[in-house]
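Then read on, and find each part as it is named.

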Amino acid sequence: MSAVRTARTVVAATLVAGLAATALAAPALAAPAPAPVSASSSAQAEQDHAATRQALQAAVDAGVPGAVAQARDGRTSWTGTAGERKGNDRYRVGSITKTFVATVLLQLQAEGRIDLDDPVEKWLPGVVQGNGHDGRKITVRQLLNHTSGVYSVTSDPGFQAKVFGPGFLEHRYDRWTPKQLVDIAMTHAPDFAPGTDWNYSNTNYVLAGMVIEKVTGRPYGKAVENRIIKPLKLRATSVPGTDVRMPKPSSPAYSTLYADPNAQVHDVSKLSPTLAYAAGEMISDSNDLQTFYRALLKGKLLPKAELREMTTTVPISPDLPEAGYGLGLMKQKLSCGKEIWGHGGGIHGSSSDAQATRDGNHSVALNFNADWTGDSQAVLEAEFCGAVPKG
């Protein structure tokens, strides 16, 4: 969710071309059972995912302490690790949180409780104002597809120094309110007039979480739990709130806290998730992330109309005509021509990606427990295209 890592995650992903249950909440769904694995099929899986394993090892060779990826293709599943990561490790997923948040808002729209074309001011009166920001002219939809123009709190130099730089060691357990995060953003001018351009802003999803809380009357995390985590039986997934700890099993998360990759490495596993809130606080594992994205793309979480809205993208750059951002969901075309949908996420000591084909049949979720090195895009190219990383 950090300014540097989030931007890198989102841009890197494109350059190859980061409430109570209701009648419309998803039914209880379990992860599809993998096909029985025999010795021969296990050997075949290793052969089929050899390039992916090489990409994980390449990340470790580049300095990542540990890497994990799990892939599913139809009913077969494969897990690969390198370095000190374990196959069932839980990790902070950063901006992958955004897809969960957007899904909840689309569910609320399907129930008639909100219209994504409502102005933000309707739900958060007086919150988005100052230095040219005007919540009356910004819609909830524009928050979700990053066309609002709202300045990103993680771009604020003071916030960066305290939260992502060496100041982190002193402030790692500070508690932030969503309003405090938004107020920092409001001290800056907007990036552009609403609807006229695209720019990734973490403030957008802080506001989206606040909107969910206003609509439902409960913390946004409860809506995520009741509408997605429980119905899909995502046992490794959580919205930590103020809990600074990582659940087990997990491996340490590491960061240099400086732009210099040769700086001292710190264990940053424990931190206050409030610094990210709905823009990137969630925890999960590779199995759960795949279950979520596959269910989402197969239409098990949203009605057809809402899924169509979620997958309606806006361009992110004229230089990247085949990449687009929907509502908390990004599409990209890989070097082999395959189109994949998902999201990347970065937060202290953790770089993640979860992607699937549009039909939800082939998916991968991965994590590096470092935030200064490693090429997650190479893992995606390896898994979906069989591209072997260049040595």
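**A walk through the model**

Phe100, Phe292 and Tyr293 form one aromatic cluster. This is a predicted model, in which local features need pLDDT of at least 70 and side-chain atom pairs count only at pLDDT 80 or more, while totals for chains, interfaces and linings use all residues. Residues are numbered from 1 along each chain as its sequence is written, and side-chain values use heavy atoms, with hydrogens and water left out.

Begin with the overall plan. The protein has 14 helices and 14 strands. Both are DSSP runs, numbered from the N terminus: helices are H or I with at least four residues, and strands are E with at least two. Of the 391 residues in the protein, 57% are buried. Buried means under 20% relative accessible area, exposed means over 50%, and partly exposed lies in between (1.4 Å probe, protein chains only). The accessible surface of the protein is about 14,900 Å². Carbon and sulfur atoms account for 52% of that surface. Accessible areas come from the Shrake-Rupley method with a 1.4 Å probe, and for residues only the protein chains shown count as cover.

Now go to the rings. How many aromatic pairs does a search of the whole structure find? The search finds eight. Rings of Phe, Tyr and Trp (its six-membered ring) pair if their centres lie within 6.5 Å; planes under 30 degrees apart count as stacked, over 60 as edge-to-face and the rest as tilted. Take phenylalanine 100 and phenylalanine 292. Their ring centres are 3.8 Å apart and their planes lie at 15 degrees, so this pair is stacked. The pair links distant parts of the chain, 192 residues apart. Phenylalanine 100 sits in helix α4 (residues 97–110), and phenylalanine 292 sits in helix α12 (residues 286–297).

Compare another pair. The rings of phenylalanine 159 and phenylalanine 164 have centres 5.9 Å apart and planes at 75 degrees, so they are edge-to-face. Both phenylalanine 159 and phenylalanine 164 are buried.

Return to helix α4. Two packed helices are described by the angle between their axes and the distance between the axes. The axes of α4 and helix α10 (residues 202–216) come within 10 Å and cross at roughly 40 degrees. That angle makes α4 oblique to α10. Axes are lines fitted to C-alpha atoms, for helices over the stretch in contact, and angles run from 0 to 180 degrees between N-to-C directions. Under 35 degrees counts as roughly parallel, over 145 as roughly antiparallel, 65 to 115 as roughly perpendicular, and the rest as oblique. The crossing of α4 and α10 is left-handed. A crossing has that hand if the near helix is turned anticlockwise from the far one by less than a right angle, and is right-handed if clockwise.

Helix α12 also holds glutamine 290. Glutamine 290 is buried, with a relative accessible area of 1%. Serine 284 lies in strand β8 and is buried at 1% relative accessibility. A disulfide is a covalent bond between the sulfur atoms of two cysteines. Here the cut-off is a pair of cysteine sulfur atoms within 2.5 Å. The structure holds one disulfide. Which cysteines does it join? The link runs from cysteine 336 to cysteine 385, with 2.0 Å from S to S. The angle about the S-S bond is -65 degrees, and the link is left-handed. Cysteine 336 is in the loop between β11 (330–333) and β12 (339–347), and cysteine 385 is in helix α14 (residues 376–385), 49 residues apart. Cysteine 336 counts as partly exposed at 41% relative accessibility. Cysteine 385, at 23%, also counts as partly exposed.

Finish with the backbone. A cis peptide bond joins lysine 248 and proline 249, with omega about 0 degrees. Proline 249 is found in the loop between α11 (220–229) and β6 (254–255). Leucine 257 has a phi near 65 degrees, a positive value in a residue other than glycine. Leucine 257 lies in the loop between β6 and β7 (266–267), and is buried at 6% relative accessibility. Tyrosine 277 has a positive phi too, near 50 degrees. Tyrosine 277 is in the loop between β7 and β8 (283–284), and at 9% relative accessibility it counts as buried.
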